There are 2 protein chains.
Amino acid sequence: MLMIPGPTAVPEAALLASAKHPIGHRTREFSEIMEEVIQNLKWLHQTENDVLMVTGSGTAAMEAAMINFLSSGDRILVGCNGKFGNRWAEVGKIFGLNVETITSPWGKPLDTETFYKKLHADTNKQIKAVIITHNETSTGVVNDLETINHSVKAQGQALIIVDAVTSLGAMNVPVDSWGLDVVVSASQKGYMVPPGLGFVAVSPKAWEAYKTAKLPKFYLDLDKYRQFTTQNTTPFTPPVNLIMALQASLRMMKREGLASVFARHQRLMDATRAGIKALNLNLFAEDECASPAITAVAPSNIDVERIRALMSKRFDIALAGGQNHLKGQILRIGHLGFVCDRDIITCIAALEAVLPELGWNNFTPGAGVAAVWATLK
Amino acid sequence: MLMIPGPTAVPEAALLASAKHPIGHRTREFSEIMEEVIQNLKWLHQTENDVLMVTGSGTAAMEAAMINFLSSGDRILVGCNGKFGNRWAEVGKIFGLNVETITSPWGKPLDTETFYKKLHADTNKQIKAVIITHNETSTGVVNDLETINHSVKAQGQALIIVDAVTSLGAMNVPVDSWGLDVVVSASQKGYMVPPGLGFVAVSPKAWEAYKTAKLPKFYLDLDKYRQFTTQNTTPFTPPVNLIMALQASLRMMKREGLASVFARHQRLMDATRAGIKALNLNLFAEDECASPAITAVAPSNIDVERIRALMSKRFDIALAGGQNHLKGQILRIGHLGFVCDRDIITCIAALEAVLPELGWNNFTPGAGVAAVWATLK
């Protein structure tokens, strides 16, 4: 039972679709699948922009989002309050961008005021892009993309590039109404599909920037993907089986409806946080910036790695640990994608069972599950 | 029934493995799969070199093979006698390499003498790499890699970079005994796995070149893959389901044995060519450079697209067409990977059935199948 922030659980319909025999990617049959998938990707992104599929990890999509629209020396602002924000900054530096990081401690949201000041002060429009990790997977913190984006729009020149890897499909990312220029995501998260596909949504303003962007690119040259996508195919051999799985999962999401998908994630977050609080464990992120996709828990006086090991051994439940300096400090409960009420009850009930064995008795037996249920019913 | 040069047919064991529920990629369970897969990849490559897995199309692996070991301005020789050779040249130019193409007409093998002369004349060792497409997928021509490689070794400095996308797993590619520095392949070909994984084998000499190579790279930075592979994991989220499929298919290949795998492909090539000859259709490649993976057929006076359409409509057999200027000129029969005698008999028998309908009666009914069978028995 996977309760990590990716790969996430995959519904049977998607798994079975992925187990179909591959079909040729230059066939009418495949193009029909592509046509439906692309339409549904636009629906999920709430956009009329191009949504392109890249065969690769989410990191491939991140790199594509940067190298297609920027040139060496371009000044960019990158929000860094966790592992993935830092990765954006690292990629930018490697490609010779003039990266200015705006940091907050891991577990705290980015300070919107700092972005406002930097962008407001940039009267000669030197800032070419602002990169925000919408939902920081490493900490379970949601950054206030909407507010930061207001400052970007006020500056008027910079592209807003969004890492929506663990927000898309879990919370509202209205690409068109917010005017998000480049939005990156990956299959093994809210999409409920095995890993191997990255997605990049590209606005007309970003395509304008593409025309003057000078970094060399071939495999990740998004203009190739755009050209082939208009013909419902791909420039290079795509992972046809994953795309068949994606077709199945997007159909499920459409049946559920976007508002319901988001409400379900909010509900799962509320239930998880209520359960953790009732077990008297510390939540790593404040309520105001809590993620509907991932809840990070920072237990005091208990070795989180022992919790993870015992959860795995006793109940075959996989929780994620902390990354980088948070290793051993936090555990992370993924509740994005194919997750339901039962999964949260199960997870909290299992935690109740293992915590006393690790010396944590600072809660009333049953209190965690009761709190979950009180939130859910 | 897929008889195209990729995606190729996938055995049930691999399909079912790919349909298992994803597992976390930072788990002991996944590392155990990785350990076995990496060992078996080395077995398949006949090498002790690193064999790295990249999430992406074969083109991602091609780009990685170039940008990790070369710098802008480096002089390289690229053999071009088909679409994929041309792609290597195109990628090199985009990344600012000083690309010298050595061309042969599509359907003819590269001229080994030209490589010998260029390399022999290069006394001050300006040529940094020679790139050869071992089996040109677009034409069904095998290039004489072994002979060209002798000239590379005599020059002593240049890396030999090999596109083995449709040769690895279909014909002998002895990486260590030939001293091949960088060898590129992809999952949807001889590996009998759905598309989505690329492979790059890297020699110690290539790693030396890596140290001074200056092109910027992040997602395709192979040193990251090397570091994580030593710990039986990956730098970025891998397509765990495809890797589970790969585990199954590599086990099948090991059971069959390398020599048997190669002999089977040779046998399938011989049978296919005998059948085509008996139907009095022209083979596009000469016997001397014929590919054990793909047979291209150049019928005179028959529209190949009509053959493909009728084969698909009547028998649900997918054949590939020509690419670029060969579109409409040739059809390509893929017989690599999970292909057996029965498939060749089926394909030639079906051709016998559809050709007269398209006005081609220039063969004795039954002659194709008889010739196939005479070769196979």
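Visitor: How many residues of domain 1 of chain A are in contact with domain 2 of chain A?
Guide: In this predicted model, 23 residues of domain 1 of chain A are in contact with 20 residues of domain 2 of chain A.

Visitor: And by class, what does the domain 1 side have?
Guide: The side of domain 1 of chain A that touches domain 2 of chain A has 10 nonpolar, 11 polar and 2 charged residues.

Visitor: Where are the domain bounds in chain A?
Guide: Domain 1 of chain A covers 10-255 and domain 2 covers 257-376. Their C-alpha centres lie 28 Å apart.

Visitor: OK, the sheet in chain A. What's the strand order?
Guide: The order is 2-10-9-8-5-3-4, an open sheet of 7 strands with mixed pairing.

Visitor: Which strands stand at the edges?
Guide: Strand 2 (50-55) and strand 4 (98-103) of chain A do. Each has a single partner strand, so one side of each is left without a neighbour in the sheet. From one strand to the next, the twist averages 20 degrees.

Visitor: Strand 2 and strand 10 of chain A: parallel or antiparallel?
Guide: Antiparallel, with 6 bridges joining strand 2 of chain A to strand 10 (residues 197-202) of chain A. For a pair to look up in the viewer, take L52(A), whose bridge partner in strand 10 of chain A is V200(A).

Visitor: Which strands does helix 3 of chain A lie across?
Guide: Helix 3 (residues 58-67) of chain A lies across strand 2, strand 8 (159-163), strand 9 (182-186) and strand 10 of chain A. The helix runs at about 25 degrees to strand 10 of chain A.

Visitor: What about helix 4 of chain A, which strands there?
Guide: Helix 4 (residues 83-94) of chain A lies across strand 3 (75-80), strand 4, strand 5 (127-133) and strand 8 of chain A. Against strand 3 of chain A, helix 4 runs at about 155 degrees.

Visitor: Switching to chain B. What's the strand order in the sheet there?
Guide: Chain B has an open sheet of 7 strands in the order 2-10-9-8-5-3-4, and the pairing is mixed. Strand 2 (50-55) and strand 4 (98-103) of chain B stand at the edges with a single partner strand each, so one side of each has no neighbour in the sheet. On average, neighbouring strands are turned by 20 degrees against each other, direction ignored.

Visitor: How about strand 5 and strand 8 of chain B, parallel or antiparallel?
Guide: Strand 5 (residues 127-133) and strand 8 (residues 159-163) of chain B pair in the parallel sense, over 5 bridges. T133(B) stands opposite D163(B) in strand 8 of chain B.

Visitor: Which strands does helix 6 of chain B touch?
Guide: Helix 6 (residues 145-155) of chain B packs on the sheet and touches strand 5 and strand 8 of chain B. The direction of helix 6 makes about 175 degrees with that of strand 5 of chain B. Then there's helix 9 (residues 222-230) of chain B, which lies across strand 2 and strand 10 (197-202) of chain B and runs at about 110 degrees to strand 2 of chain B.

Visitor: Now the two chains. What rotation superposes chain B on chain A?
Guide: A rotation of 180 degrees, with 0.0 Å of shift along its axis and an RMSD of 0.0 Å. That is the relation of a two-fold axis. The same surface serves both copies, with 100% of the contact residues of chain B recurring in chain A.

Visitor: How many residues are in contact there?
Guide: 39 residues of chain B are in contact with 39 residues of chain A. Helix 1 (12-18), helix 3 (58-67), helix 4 (83-94) and helix 10 (240-256) of chain B each supply at least two residues of the chain B side. The largest share, 4 residues, comes from helix 3 of chain B.

Visitor: And how do the residues on that chain B side divide?
Guide: Into 23 nonpolar, 15 polar and 1 charged.

Visitor: What ipTM does the predictor give the complex?
Guide: The ipTM is 0.94, and the pTM is 0.96. For chain A, the mean pLDDT is 97, and 100% of its residues reach 70 or more.

Visitor: What's the phi of N324(A)?
Guide: Positive, about 55 degrees, although N324(A) is not a glycine. Most residues other than glycine have a negative phi. N324(A) lies in the loop between strand 12 (318-321) and strand 13 (331-334) of chain A.

Methods
Residues numbered from 1 in each chain as written. Chains lettered and ligands numbered in written order. Predicted model: local features only at pLDDT ≥ 70, side-chain atom pairs only at ≥ 80, totals over all residues. Pairing = 2+ DSSP bridges. Axes fitted to C-alpha atoms, helices over the stretch in contact; angles between N-to-C directions. Contact = placed C-beta atoms within 7 Å. Least-squares fit on C-alpha atoms with pLDDT ≥ 70 in both. Nonpolar A, V, L, I, M, F, W, Y, C, P; charged D, E, K, R; others polar. Domains from an automatic or database assignment. pLDDT = per-residue confidence, 0-100.
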